[in-house]
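We will go stop by stop, picking residues as we move.

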Amino acid sequence: MSYVDEVFEMVVEKNPAQPEFHQAVKEVLDSLRIVIEENEEAYRKDALLERLVTPERQLLFRVPWVDDKGQVHVNNAFRVQFNSAIGPYKGGLRLHPSVNLGIIKFLGFEQIFKNSLTGLPIGGGKGGSDFDPKGKSDREVMAFCQSFMTELNKYIGADTDVPAGDIGTGAREIGYMFGQYKRIRGVYEGVLTGKGLSYGGSLARTEATGYGLLYLTEEMLKCNGHDIAGKTVAVSGSGNVAIYATQKAQQLGAKVVTVSDSTGWIYDPEGIDVALLKEVKEVKRARLTEYAANRPSAEYHEGKGVWTVKVDIALPCATQNELHLEDAKALVANGVIAVAEGANMPTTLEATEYLLENGVLFAPGKAANAGGVATSALEMSQNSERLSWSFEEVDSKLKGIMVNIFHNMDDAAKKYGKEGNYVVGANIAGFLKVVDAMTAQGIV
């Protein structure tokens, strides 16, 4: 049995009932076979893959908090500090009822390679809780966040582990967490990113993941003989990533015709009205039925169906495993030329393989959605320097990082005889930098 297969079997055996983590490890290790087999003896001797797939530290703790009626609730919380070979742990905090250890481990594992691809000195980590901020009052969210940080503060710091926002964790939640960290530790440091502009946040951070997705997609299309201007785009989701991906796509001359949420989706042949979408989702925190009610050209559909629309480009920006094999077949049948992942692992392995086999340009999430964490690292830099850069300066650095990520994964794919396979290219490019650092630092 090959070293890759041995390690994958070990992962499944030692991490039962964690299918998302198994999926993430399998996708990465399969695409790294060509590199690993070249160095199998040395890697096996150093147990390099075993160290790569095993988190340096896993924290599991309870979060008790009191609701507005005086009732006490207890949530499970996690922080997985996966790999610090190239810098402090960096990765978001997800607040959603679906959160469990396996999902946090999959996200943390992906984060190792994503962070490496940015070229910035940040390691991989992830955290969160099964707490649901939806429907909670500000006071209840504050009570949870303060209790959560009362435990988490022991394990994080500006040079140790710098968490950020994620699904369910926006500016409000980050603010409450930062305040509690400062109160307990008595230091004012850049321990969290995604902060408000009045206390150390970075301009362009809100837009960064969506904008970065489009910068990389534009470069991928350009290098393959296509122009993004004039293309029709399907976007899934209607959160932060989806909104700003839609905005940037339309600034670049494309037309986005779909968005979705957990109950249904919108088809708007005239192009999504970003101002209205922001009003519905960011101000009113309402369902997309509200968008349709205020936009005569829009059709609202229950359930799923974004990928059935005839488009040139598909941008899955909602959640993991949302684009299945049948969706990939529908996209190919409708002539899609590119799929770029705005969410983390939104495309199943079978769907990814089908898209690649059918010549679709495919940018994996660890490359395509790295703009968020890249700008978080730029926020860390600004905090360290006690400076605040202009929107244009941050946006320019972000675009440069995303263009470099594309070329790094393109070059790695070509070097290893996999030209055009950006999944393999991204994994190899991210892996090689981490492995060099791990090897240099000895068996730790």
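**Stop 1: salt bridges**

Start with the charged side chains. A salt bridge here is a side-chain nitrogen of Lys or Arg within 4 Å of a carboxyl oxygen of Asp or Glu. Counted this way, there are 22 salt bridges. Side chains of opposite charge can pair when their charged atoms come close.

Before you click, two ground rules. This is a predicted model, so local features need pLDDT of at least 70 and side-chain atom pairs count only at pLDDT 80 or more, while totals for chains, interfaces and linings use all residues. Residues are numbered from 1 along each chain as its sequence is written, and side-chain values use heavy atoms, with hydrogens and water left out.

Select Arg 94 and Asp 166. They form a salt bridge, with the closest N and O atoms 2.6 Å apart. Arg 94 sits in strand β3 (residues 89-95), and Asp 166 in the loop between β5 (161-164) and α7 (171-185). The pair links distant parts of the chain, 72 residues apart. Helices (H or I, at least four residues) and strands (E, at least two) are DSSP runs, numbered from the N terminus.

Is Arg 94 buried or exposed? Arg 94 is buried, at a relative accessible area of 5%. Buried means under 20% relative accessible area, exposed over 50%, and partly exposed in between (1.4 Å probe, protein chains only).

Lys 126 belongs to strand β4 (residues 123-129) and Asp 166 to the loop between β5 and α7, so the pair ties together parts 40 residues apart in sequence. Both Asp 166 and Lys 126 are buried.

Next, select Asp 261 and Lys 281. This salt bridge has its closest N and O atoms 3.0 Å apart. Asp 261 is in the loop between β7 (255-260) and β8 (264-267), and Lys 281 is in helix α10 (residues 274-283). They are 20 residues apart. Asp 261 is buried, at 16% relative accessible area. Lys 281 counts as buried too, at 17%.

Now select Asp 5, Lys 26, Asp 30 and Arg 33. Salt bridges with shared partners join these four into one network.

**Stop 2: helix α17 and what follows**

Select residues 422-440. This is helix α17, with 19 residues.

One of its side-chain oxygens comes within 3.2 Å of the backbone nitrogen of Val 423.

Gly 442 follows α17, and its phi is positive, near 80 degrees. Gln 441 is also in the segment after α17. Gln 441 is partly exposed, with a relative accessible area of 43%.

Which residue is 356 residues from Gln 441 in sequence but 7.8 Å away in space, C-alpha to C-alpha? Select Ala 85. Its backbone oxygen lies 2.8 Å from a polar atom of the Gln 441 side chain.

The side chain of Asn 83 reaches the backbone nitrogen of Ala 85 at 2.9 Å. Asn 83 is in strand β2 (residues 72-83) and is buried, at 3% relative accessible area.

**Stop 3: two positive phi angles**

Select Ala 204. Its phi is positive, about 75 degrees, although it is not a glycine. Ala 204 lies in the loop between α7 and α8 (208-223) and counts as buried, at 5% relative accessibility.

Jump to Arg 285. Its phi is near 50 degrees, again positive in a residue other than glycine. Arg 285 lies in the loop between α10 and α11 (289-293). At 64% relative accessibility, Arg 285 counts as exposed.

**Stop 4: one more helix contribution**

Finish with α2 (19-38), α13 (349-357), α14 (365-368) and α17. Each supplies at least two residues to the lining of the second largest pocket.

Conventions
Expected span 1.5 Å × (residues − 1). Polar contact = N/O pair within 3.5 Å; in protein donor to acceptor, adjacent residues only side chain to side chain.
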